[in-house]
Amino acid sequence: MSAYIIRRLWQMLPTMLGVVLLVFFIFNWVGGDPAYVLAGKISNQEQIDNIRRQLGVDQPYWVQLGIFLKQIVTADFGASWSTNERVSHILLTRLGPSLTVLVPLTILATLISIGLALAVAYVRGSFTDRMVMIVCTVGLSISILVYIIVFQYVFAYKLGWFPVQGWGDSFIQNLFVYASLPILIGLVVSIAPNLRLYRTFFLDEINQDYVRTARAKGVSENRIMWIHVLRNASIPIITFLMAELPGLLLGSFLIERFFSIPGIGREVILAVERSDFPVIKAITVYVAFATIATNLLADLTYKAVDPRVQLK
Amino acid sequence: MATDLAALRGTRAPTAREIPHTVSPGLWTLAWRRLRSDTVGMVSLVIVAAFILMMILSGAGLIASDWNREVGVNYAPPTFLGEEATATAPASITLPGAGNAAGATQYKSNIVDPIGDVIEALKAGKTPGEAASTGTLPPPETAEEKSVDPLAEVMADIRKSEASKAAAKPVERKATLPFGGDKWGRDVLKKTIKGSETSIFVGLAAATLATFLGTVFGAIAGYFGKWVDDAFNWFYSVFSSIPYLLLILAVAAVLQQKGIFTVILILGLTGWTGVFRLMRAEYLKHKSREYVQAADAIGASNARRMFLHIFPNVSHVVLVQLSILVVGFIKAEVILSFLGFGVPVDVVSWGSMLNEAQNELILGKWWQLVAATTAMAILVTAFSLFTDALRDALDPKLKGRAGA
Amino acid sequence: MNSPKFAGDPLVAVRNLRVSFRLDRQTTFDAVKGISFDIPRNSTVALVGESGSGKSVTSLAMLGLLPPENSIIDPASEILFGGRNILGLSMGELRKLRGAEISMIFQEPMTSLNPVFTVGWQLEEVLRLHVGLSGKAARKRSVEVLREVGIPEPERRIDAYPSQLSGGQQQRVMIAMAIACEPQLLIADEPTTALDVTIQKQILDLIADLQKRRQMSVLFITHDLAVVGEIADYVVVMRNGEIREQGPAKDVFEHPKDTYTKALLRCRPQLERRPARLPVIDDYMHGSGPKHTEERRRGVAPGDAIVLDVKNLGKSFYSREGLFGKREFKAVKDVSFRLPKGKTLGLVGESGSGKTTVGLTLMRLHEATTGEAYFEGKDLLSMSPKEFMAYKRRIQIIFQNPYASLNPRFTVGQILVEPMQIHGIGDSAQARTDMAFELLDKVGLPEVSFYKYPHEFSGGQRQRIAIARCLTMRPDILICDESVSALDVSVQAQVLNLLQDLQDEYGLSYIFISHDLAVVKYISDEVMVMNEGEIVEIANSDEIYRDPKKPYTKRLLASIPKGWQGARAAD
């Protein structure tokens, strides 16, 4: 077991290096000289020269790569090109608001989706099943933008049930006042795809031989669904969730943007709009590292929930 | 290889043997028969085909080529009944605001309400001062547009050049339009058609690119295994470690030059990973199947086994993946264009329409939002249902597992 | 076909059972066409039939386990159990019956057990449901039952997950679950088909033993008459959803009345006899009876010409383990043998014995780790791939699964012409097509087959196509890797006859790999027994069966189902 973890950690290195190279390629090679990017954004020539010197633009590529690696290791990406805020400070302060929305959203969405998917899988092939699937398909085909625009307009602007936007300092206030409409929208858009996916997980399990054995033992259909099938289907569901986690951090960037929630996702959009490379680079690299780490975690979880898996 | 392949495919009975026979239907024919008997699938197929036809016609300039013309009054409401009161207006300076006084005042009043500020604040590139400046009713086509529309400057340029052309003769402008009119009185119906051209083309082209890359990489990695597989797997894990959206946005950030092909490249080059994973698994599975081992035993070369033997047996997976990606990329393009990272401003897409519609909704001008949303929803729903039907037809074992 | 006469008041009476399946909106398929039979108390009834006979459908109907969405049971059908019609029970009543009064075990123990719960949990579940035991009492009872079915160290194994047990132990756990609540009827649906022959023997003995001890009834479903010969009291023979014959085992085995039953009994190769041709169903159903029943002599002589000389063949697979470690798994260890021209070498062993790997390595579908294989004086294993190409067509292989070994996207014509194109056999497309037609005729398929796709053929026909494909290359050696194992007994006989005919006509040499000892005995001149990658024993086939030298061979041979005669002879 520990040998497995050590080997997996060792194997993570090439992937991490690959991520660094890819990001470096995108920003230092494709992106080119920041002076062109910054022209018109920063008028102060001295400041531009300073940035160029920091990046080592006139140095060979390997020196630039070295600078980049040092930035990653020391977590010091300097200051934002637009606001002069420290990049590390940006990352740390934006994480909280993102999680305030995402943690409850993910938990609620997963629980609701599992419940609904089990119910739909139970009546598989029925009229209800088909209707739910059609509603899901149609719901999925409407852009998330439309949900946000319409929900914000109707529930916040017209009806005034929720604040139109904003974010405060109190966690409780943020969670129950400012985050509630974003969470609601997040639920609406994430339940449809999850429901469809989980339903196929359940249907796959229902067709397995062990379900027939359980029936032959005299186990009731309810117990088969809630104990036998759910326990088995939880394996692909957990694997799927673990793989999704890092992406979720950004997944709600549109919601954050519309509701002015100062989270990571909104920061990315702002940074892209402002061509604020240090911020994008830092977020990209660290989110990628987080993904690689969660993949390992996912494998270990997989091992924990599936007795068939032997990690060597 | 090629001639060999053709020869094999073309193997037919020579005339010397006259036995009564019909060549049996192959698996593709059988799949097509199954698809044809699937009503939902066929209806979806017809809808998708209609959209694609619309895209081609629009791309060829046969329909909606004049979407950029002002044919109605500003925010002309939609009607299908044809209450077509026309108004003659000098098209140049008075365009945006003055043509419809009520609209202008309502708009002004909304600028200062909270959500107006929200939207202002969200337009990151703009300084807050601009929003405040609207209090003093500035010349319409500068401050007003700038305050709500990130594309304002460019649009103004476009409009100016157009206006100068249009200024020569007065334009007939209708009070209502079938799908309504936008801020400048352009026909929303034509914009929707033109927008579908962009969105569908981007979706199809990017999905084709991503599927092609994913299939080729996956086939090579899965078939050859060993270090080749390790190399491609490394490449894959690097790409899939960076969340897809972040990768797109990062590439969008550094690519200064925008265009339809840039969007296609971004989506295509970042979107191959899912197809790769599936195709690698398929090739891994099929290469140890007995029919491939049998092909090895009769002396078939690697290329022959990969393309002639295995590929036809996994091509249904490719087709379904392509179909899924098209839907995904149409949605992605809409979001990118909405944010202004997608297609350039002089190209209309469903995303840029939603962007405009976002602000119009507050004025109660819902029609552009509804038009773009409905068009997209119909297409994407049809495409998804078609994908489900396609999968059921190609792989009947899976029937009823996913989707409606 | 009316109510059969078995002694006493039966435990179960099946009356006029009629089941059909809805295939699509218009078509239905009649799986069981109005059958009636009894299961007497305290006895074993064997329900025998080939694939598609409706035997499994019948057994599932007894527990109400048929899929409700597409199965239709005729309202006039009855399955009477203790005076009640099972088919008319409510879901709740049915659940009380399942696992308590009637229980069932299945063919694949691996997938039939829930992989994520421990053995103990699954056993305790059935006890809790039907007997109301829980906690310590349930655990104690579970350990007892596990001990009863012969699980070693049941106190420890009770906390194991199914994947941590061997296939035989998994099936024992299934049986433990089935008998935990002391049911009156145990339905065993092909319970040994997925198991190795020695394990099969143990499970059969266990079921027979439990039946006697518990005084319950067993409905044993199988395709293999030989398996039930030893344990059945009554036999019901089914074909195409109908009962062909039923009665006490003695009557059915010794004096079969139905032609199909007769054929089924004779098609399967027997250890004692080796007719020149195996009888096939058609001989009985349409013809005058079996032909060419004279004994065929098989065996190798020291003077036989050697076509393939294999020396010290070894094959290892590697898996990653630990931090940097690799673990070597030796699938084949130091195997040497000689294949005489025109003769058959039988290769027998249980799963994991390395017998298939030997075949694949000789064809270089796997690269050998060590060893040589001399063919016409040249070592096939050390040649460059280019050089090997010329020899490739000389050794061909027929795989086990006829449904997987033909490319579903090719027509039979394309399948047959492709190897000729690759190896430049035949001067023109015309010549190749002619040859393909000739070979189709040779393997007994109509000429129209040329234009058809594999999915339009049955398993036996597909295996003929695979054989024809090999023949296009005019090979010297044919490796048959479990080539008849997936086929029904009657079809198996036809394919074996075809292989013998071809050997007679072309002087082919066969390496015949199989786990089925009776088939190997029938077709082979020489038999090589393998275990854990090593050769246990090689000898002439008659000799090895008559007088096995090594303990492993003895054990293997003792496990062969003896059938009716064999079982009586042993008494």
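1. In chain C, C:R18 stands opposite C:K33 in β2(C). Both belong to a pair of antiparallel strands, β1 (residues 12–22) and β2 (residues 28–39) of chain C, joined by 9 bridges. The two strands form a hairpin, with 5 residues between them. Strands here are DSSP runs of E of at least two residues, helices are runs of H or I of at least four residues, and both are numbered from the N terminus. Two strands are taken as paired if DSSP finds at least two bridges between them.

2. The model is predicted; local features need a pLDDT of at least 70, side-chain atom pairs count only at pLDDT 80 or more, and totals for chains, interfaces and linings use all residues. Residues are numbered from 1 along each chain as its sequence is written, chains are lettered from A and ligands numbered from 1 in the order in which they are written, and side-chain values use heavy atoms, with hydrogens and water left out.

3. On confidence, the predictor gives the complex an ipTM of 0.82 and a pTM of 0.79. The average pLDDT of chain C (the predictor's confidence in each residue, from 0 to 100) is 86, and 95% of its residues score at least 70. Residues 1–6 of chain C have a pLDDT below 50, and this stretch has 14 contacts in the model beyond near neighbours in sequence. A contact means heavy atoms within 4.5 Å.

4. With strand β5 (residues 78–81) of chain C, β1(C) runs antiparallel over 4 bridges, and C:A13 stands opposite C:L80 in β5(C). With strand β4 (residues 71–73) of chain C, the pairing is again antiparallel and has 3 bridges. In that pairing, C:V19 stands opposite C:I73 in β4(C). As background, strands of a sheet pair through backbone hydrogen bonds, either parallel or antiparallel.

5. Chain C also has an open sheet of 4 strands, in the order β13-β12-β15-β16, with antiparallel pairing. Its edge strands are β13 (326–340) and β16 (378–379) of chain C, each of which pairs on one side only. Inside the sheet, strand β12 (residues 306–320) of chain C is joined to strand β15 (residues 370–375) of chain C by 5 bridges. C:K311 stands opposite C:E372 in β15(C).

6. Chain A has 14 helices and 0 strands. Its C-alpha atoms fill a box of roughly 80 × 60 × 35 Å, taken along the principal axes.

7. Chain A meets chain C through 26 residues of chain A and 34 residues of chain C. Together the two chains bury about 2700 Å², 60% of it on carbon and sulfur atoms. Buried area is the accessible area, for a 1.4 Å probe, that two parts lose on being put together, summed over both.

8. The rule finds 2 salt bridges across the interface of chain A and chain C; a salt bridge is a side-chain nitrogen of Lys or Arg within 4 Å of a carboxyl oxygen of Asp or Glu. A:K217 and C:E125 meet in a salt bridge through their side chains, at 2.9 Å from N to O. There are also 12 residue pairs in polar contact between chain A and chain C, both residues at pLDDT 80 or more. The elements that give two or more residues to the chain A side are α1 (2–30), α10 (209–217) and α11 (221–251) of chain A. By class, that side has 10 nonpolar, 6 polar and 10 charged residues.

9. Two terms in the last point need stating. A polar contact is a pair of N or O atoms within 3.5 Å; within protein, one must be able to donate a hydrogen and the other to accept it, and residues adjacent in sequence count only if both atoms are side-chain atoms. Ala, Val, Leu, Ile, Met, Phe, Trp, Tyr, Cys and Pro count as nonpolar, Asp, Glu, Lys and Arg as charged, and the others, Gly among them, as polar.

10. Chain B touches chain A with 49 residues, against 58 residues of chain A. The buried area between them is about 4600 Å², 75% of it on carbon and sulfur atoms.

11. Across the interface of chain B and chain A the rule finds 1 salt bridge. It joins B:D388 to A:R196, with the closest N and O atoms 3.6 Å apart. Helix α17(B) gives the largest share of the chain B side, 9 residues. By class, the chain B side has 33 nonpolar, 11 polar and 5 charged residues.
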